[in-house]
Amino acid sequence: MSLTTAHSVVAPSANSKRIAGAIIIAYALISIVPLLWIFATSFKTPPDSIAYPPKIVFQPSIEGYCNLFTTRTRQTPEYINSLGPATGFCDETVRKRNMVIAGPSNFLPRFVNSLIIAFGSTFCAVFLGTLSAYGFSRFKVPLADDLLFFILSTRFMPPIAVAIPIYLMYRELGLSDTALGMILLYTAVNVSLAVWLLKGFIDEIPREYEEAAMIDGYTRLQAFWRTVLPQATTGIAATAIFCLIFAWNEYAFAALLTSGTAQTAPPFIPTIIGEGGQDWPAVAAGTTIFLVPILVFTILLRKQLLRGITFGAVRK
Amino acid sequence: MAEIRVQHLRKAFGDFVAVQDSNFVVEDGEFFVMLGPSGCGKTTTLRMIAGLELPTGGQILLGGDDVTMLRARERDIAFVFQLFALYPHMNVRKNIGFPLLAQGMPSAEIRTRVEETAKLLRIDHLLDKSVSGLAGGDRQRVALGRAIVRRPKCFLMDEPLGTLDTEFRDLMVHELRELHNRIRATTVYVTHDQMEAMSMADKIAVMNHGVIEQFGSPREIYDRPATMFVADFIGSPPMNFLKFGGGLTKGSKEIVVQGAKVAVPEVREDVAPADMALGIRPEHIRFDDASKLRGAIYGTEYLGTTQIVAVETADGIIKARVPAEIRLNAGDHVGLTLNSARLSLFEKGSGRAVRTAIHDTAAERRAQHG
């Protein structure tokens, strides 16, 4: 409908606007300062990062990033001097600390693991969630209410409460420390959320659309694909973000079940601190990079997300 | 195009019987309207013809083929939904062309067909617009376009004008009928609005509680209602019922109602004593001071060309439609005469008309199909 909802709310006065603005700014500061601090720390040198009082103004350096992506060995100054000229900034910085680059660190593969596992499990959860939500929404499923309650009930317990049994099962099944194992696990945790969220969205889409498409000569699957999915994008985007945030940030299972090849970034980042003193800039650099994908994904989908979160509040 | 034949159609949802034993034939090229109050089973019947619901029993034949259990997409029909169901993520052109895309028609041909259809409906200037910005009437035309673009065997419409405002609705009623006259497609149209039904239909089926109460032309339905429900549902204000007890004897020419003798055409057969009702439409009542059927005027509704006068009689309110010029005051005592040619007789228990008693139905039928 082309009707625009008339807001009967009285326009806020200049004063209350100012108060609201102040509250928002204060809240934003409280939320953003830690992030800014991490971002700033990632560009500090290790001595600057532990300086007291903390340095607000400092000479930026990418040493933290160098340390994040490399492993280094301590060498004697004589040995270092005997080497040829430094190849690039990182090499130079490291040599100043009497070290040489021994090779790449595990950060990149761990980060890639995180990407694969988080996006993979999000895709699976949203895919399964969309189909089951559609099924529950459109068909007479026997015991539908009980099944939906069962699906919800899988969220009643904090997932970590079943950590030990899952650890044992995964060891038996050979799923420990595999990307597949982690994708399955995160999918299992997220799928209930996906079903419930998406069912709400799909219920809102009148079934006349599919019926029209089916009469117009399409199969149910085609009708679903061409008429329901395009209208469910808001819900799917919102659900995907929730699933991704969980899978991306999950620490406990990742720490327990992955240690090597399938380790994700969250359990890896704290281990950086142990390599050669308290290397806060490297940890901060790892955290900063870790924040990027979720930030990009959320910004890309923010329109859908906003509409998704407030859905049902405004009738179209 | 094709004829639709519905035989012993039945649909039950658990214990609730939505449609029971429906039988009717929609002839090729006919505009057929299913009319009834909400929940009467008209939409369910339509959805069964479309293949969106499967019947519990009975048969649906489309152009002679049994399609009872076929999927919707295998029936070659078009459906116009009450809420139009235009795909919001497609523009007008894509919406209209959507059924052709399913058939795998080449895009150049789709283009031509869509443009032809849009021209027919006078929406060719809207083709590249988004459907969400369209006005109600244009949305309706796009929905119609999507239906006719495919040249299906028949059109099914589920209260397609229900969401339009009155002004637009009258316009669309006219347009729909005009469109039908041009393309002569078999159409099944569901509505609860008797004006829509009367002004568009070739044939009407009046439904109530899952049963077809009457099937016939608008004229038959209005003039010779088969049941008291139809008499009451059709017409505004509805038919008046004058209750009386007792039977009829063949050859008599009057019925006693409220102590007044009402002239009827010669009674053609004996009717056993029972609770009966004499039905008369408001426009077939005249004021006549000599009449024994009397009452006091309760109120009037002035409608410009006519006025509806409610007269309180011993047996309740009787509404008469009389010329607007007559000056009347509330409380005036008036006598009423009924046009004996226009009476209907009902048996109150079953609610069914006892048509053969006062009308030469065989002769009427001969005259109609003359």
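Domain bounds, as used here, come from an automatic or database domain assignment. The model is predicted, so local features need pLDDT of at least 70 and side-chain atom pairs count only at pLDDT 80 or more, whereas totals for chains, interfaces and linings use all residues. Residues are numbered from 1 along each chain as its sequence is written, with chains lettered from A and ligands numbered from 1 in the order in which they are written.

**Exercise 1.** Describe how domain 1 and domain 2 of chain A are placed and which residues join them.

*Solution.* Begin with the bounds: domain 1 of chain A covers 62-105, and domain 2 covers 108-280 + 290-309. Next, take the centres over C-alpha atoms, which lie 41 Å apart. Then count contacts (C-beta atoms, placed from the backbone, within 7 Å): five residues of domain 1 of chain A and four residues of domain 2 of chain A take part. On the domain 1 side, helix α3 (residues 63-69) of chain A gives the most, with three residues; helices are DSSP runs of H or I with at least four residues, strands are E runs of at least two, and both are numbered from the N terminus.

**Exercise 2.** Find how many residues of chain A and chain B are in contact, and which elements of chain B supply them.

*Solution.* Counting first, 18 residues of chain B touch 15 residues of chain A. Turning to elements, β6 (77-80) and α2 (92-102) of chain B each supply at least two residues of the side that touches chain A.

**Exercise 3.** Determine the helix content of residues 115-136 of chain A.

*Solution.* This span of chain A is 100% helix and 0% strand, and its end C-alpha atoms are 31 Å apart.

Key:
Contact = placed C-beta atoms within 7 Å.
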